[in-house]
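Look at the model below. Follow its strands, then look for its pocket.

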Amino acid sequence: AELGDRKIPADREAVVKRVIHTTADFEYADTLCFSENAVQKGIEALKNGATIVTDTKMAWSGVSKPSLQKLGGEAHCFISDSDVAETARKNGTTRAVASMDKAVSLGDNTIFAIGNAPTALVRLCELIREGAIHPKLVIGVPVGFVNVVESKERIFAACRAADVPAIASMGRKGGSNVAAAICNALIYSAAEMLDPSARGWNG
């Protein structure tokens with residue numbers, strides 16, 4: 001009811017409403033941006049066992065792993081791995097950057113959900129431009145001030161140029177909880193398509 005007369009396209013409604021439910025912030029109805037058919041392509045990837053990669057343990061924890069596993073997928077977060085920390089130290093980068101480099105080894109059947117680190121999003125942008133990876137979907141929703149707005153604009157442009165589906169929260173708002181909420185909206189939609197009795201799965 002609080003959405004008033006704002007019309008959300010049917011294919012995006014589940015994502016937008018889950019993010020609003022998670023954050024109690026109705027601005028997401030206006031600030032969540034979707035490339036063409038991004039939701040459908042994300043759902044299709046999950047139905048085909050895509051792997052979700054997050055930039056934080058918080059986002060990873062929020063993703064419904066039991067539901068994802070029933071679709072044949074899994075979720076990873078490499079931020080705390082010892083080899084990632086060592087690579088970041090040697091290269092003089094953030095661990096978020098190094099974790100994106102490690103994720104390349106998973107291949108293209110991946111969905112990246114970035115909710116905290118703009119540097120992860122910028123590195124992912126570079127990897128896509130270089131042709132090192134062509135993900136099934138990029139979710140770019142870092143929160144904060146430094147490089148946050150710019151990183152979302154850059155990833156959206158890079159994904160458009162490389163024909164990679166993208167969902168981003170334009171502006172400063174976002175967060176690991178938003179990244180997980182978007183993932184779960186897609187996971188539950190994919191589950192319902194494969195098995196109508198799965199409606200209402202909550203992991």
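**An edge pair**

S1 and strand S6 (residues 166-169) pair in the antiparallel sense, over three bridges. Pairing requires at least two bridges found by DSSP. Helices (H or I, at least four residues) and strands (E, at least two) are DSSP runs, numbered from the N terminus. Leucine 32 stands opposite serine 169 in S6.

This is a predicted model: local features need pLDDT of at least 70, side-chain atom pairs count only at pLDDT 80 or more, and totals for chains, interfaces and linings use all residues. Residues are numbered from 1 along each chain as its sequence is written, and side-chain values use heavy atoms, without hydrogens and water.

**The whole sheet**

Six strands form an open sheet with mixed pairing, in the order S1-S6-S5-S4-S2-S3. Strand S1 (32-34) and strand S3 (75-77) stand at the edges; each has a single partner strand, so one side of each lacks a neighbour in the sheet.

Helix H10 (residues 176-194) packs on the sheet. Its contacts (heavy atoms within 4.5 Å) include S1 and S6. The direction of H10 makes about 145° with that of S5. Such angles run from 0 to 180 degrees between N-to-C directions, with axes fitted to C-alpha atoms, for helices over the stretch in contact.

**The largest pocket**

A pocket is an open set of points on a 1 Å grid over the protein atoms alone, where a 1.4 Å probe fits, with protein on both sides within 12 Å along at least five of seven lines; lining residues have an atom within 4 Å of a point. Of the 13 residues lining the largest pocket, those closest to its centre are Asp11, Val39, Ile43, Ser189 and Met193. Helix H1 (13-23), helix H3 (38-47) and H10 each give two or more residues to this lining.
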